[in-house]
Amino acid sequence: MEILLTIHSILRWFIIVLAALTVFKYAVSWAGNGSFKGMDRGLAAALSGLVDAQVLLGFVYFLWDGFAGAGFPGYRWLHMFIMIAAAALMHVPARLTSLGDKQRFSYSILCILGAVVLVLVGISILK
């Protein structure tokens with residue numbers, strides 16, 4: 001069970017680094033009037049996929065550890081709900097297909113930054 005928590009803890013840093021790289025790439029493309037290309041869609045998809053894996057690992061750990069004796073205290077529930085909200089927000093950039101490129105970059109940046117803030121809040125409430 002500890003290996004699950006270790007992987008879950010390490011994966012968050014990959015998500016934050018990928019989110020930072022994605023925001024940087026999107027900001028450069030937005031400022032330079034770039035078009036939303038395959039690499040941009042790939043970054044959004046990779047971020048969504050990593051977040052999905054993180055949520056799955058976290059949920060399995062939440063149930064396993066909870067039923068193994070740690071219980072289900074309020075801060076763990078709050079962490080889970082905040083992280084699910086962050087995951088939902090991380091999926092928005094992949095769904096913004098009907099917007100123009102400039103809007104798509106700017107909205108994607110806002111969604112990713114908002115999700116990262118939620119991730120940091122969710123991490124900070126853990127004991």
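Is Asn33 buried or exposed? At 59% relative accessibility, Asn33 counts as exposed, where buried means under 20% relative accessible area, exposed over 50% and partly exposed in between (1.4 Å probe, protein chains only).

## Model and overall layout

The structure is a predicted model, in which local features need pLDDT of at least 70 and side-chain atom pairs count only at pLDDT 80 or more, while totals for chains, interfaces and linings use all residues. Residues are numbered from 1 along each chain as its sequence is written, and side-chain values use heavy atoms, with hydrogens and water left out.

The protein chain holds 4 helices and 0 strands; helices (H or I, at least four residues) and strands (E, at least two) are DSSP runs numbered from the N terminus. The order of the elements from the N terminus on is α-α-α-α. Along the principal axes, the C-alpha atoms of the protein chain fill a box of roughly 55 × 25 × 20 Å. The protein chain has 127 residues, of which 35% count as buried.

Two packed helices are described by the angle between their axes and the distance between the axes. For helix 1 (residues 2-31) and helix 2, the axes come within 9 Å and cross at roughly 160°. Axes here are lines fitted to C-alpha atoms, for helices over the stretch in contact, with angles running from 0 to 180 degrees between N-to-C directions. Helix 1 is therefore roughly antiparallel to helix 2, on a scale where angles under 35 degrees count as roughly parallel, over 145 as roughly antiparallel, 65 to 115 as roughly perpendicular and the rest as oblique. In the contact of helix 1 with helix 2, the residues divide into 20 nonpolar, 5 polar and 3 charged. Ala, Val, Leu, Ile, Met, Phe, Trp, Tyr, Cys and Pro count as nonpolar, Asp, Glu, Lys and Arg as charged, and the others, Gly among them, as polar.

Val17 is found in helix 1 and is partly exposed at 49% relative accessibility. Asn33 sits in the loop between helix 1 and helix 2. Its phi is near 55°, a positive value in a residue other than glycine.

## Aromatic contacts

The whole structure contains 8 aromatic pairs. Rings of Phe, Tyr and Trp (its six-membered ring) pair if their centres lie within 6.5 Å; planes under 30 degrees apart count as stacked, over 60 as edge-to-face and the rest as tilted. Phe62 and Trp77 are edge-to-face, because their ring centres are 4.9 Å apart and their planes stand at 80°. Phe62 lies in helix 2 (residues 38-70) and Trp77 in helix 3 (residues 74-95), so this pair ties together parts that are 15 residues apart in sequence. Phe62 is buried, with a relative accessible area of 5%, whereas Trp77 is partly exposed at 35%.

Trp77 also pairs with Phe81: the ring centres are 6.0 Å apart and the planes at 25°, so the pair is stacked. These two residues are 4 residues apart in helix 3, separated by about one helical turn. One aromatic cluster is formed by Phe62, Phe67, Phe72, Trp77 and Phe81.

## A charge over a ring

Arg104 lies over the face of Phe36, at 3.8 Å from the ring centre. A charge sits over a ring if NZ of Lys or CZ of Arg is within 6 Å of the ring centre and within 35 degrees of the ring normal.
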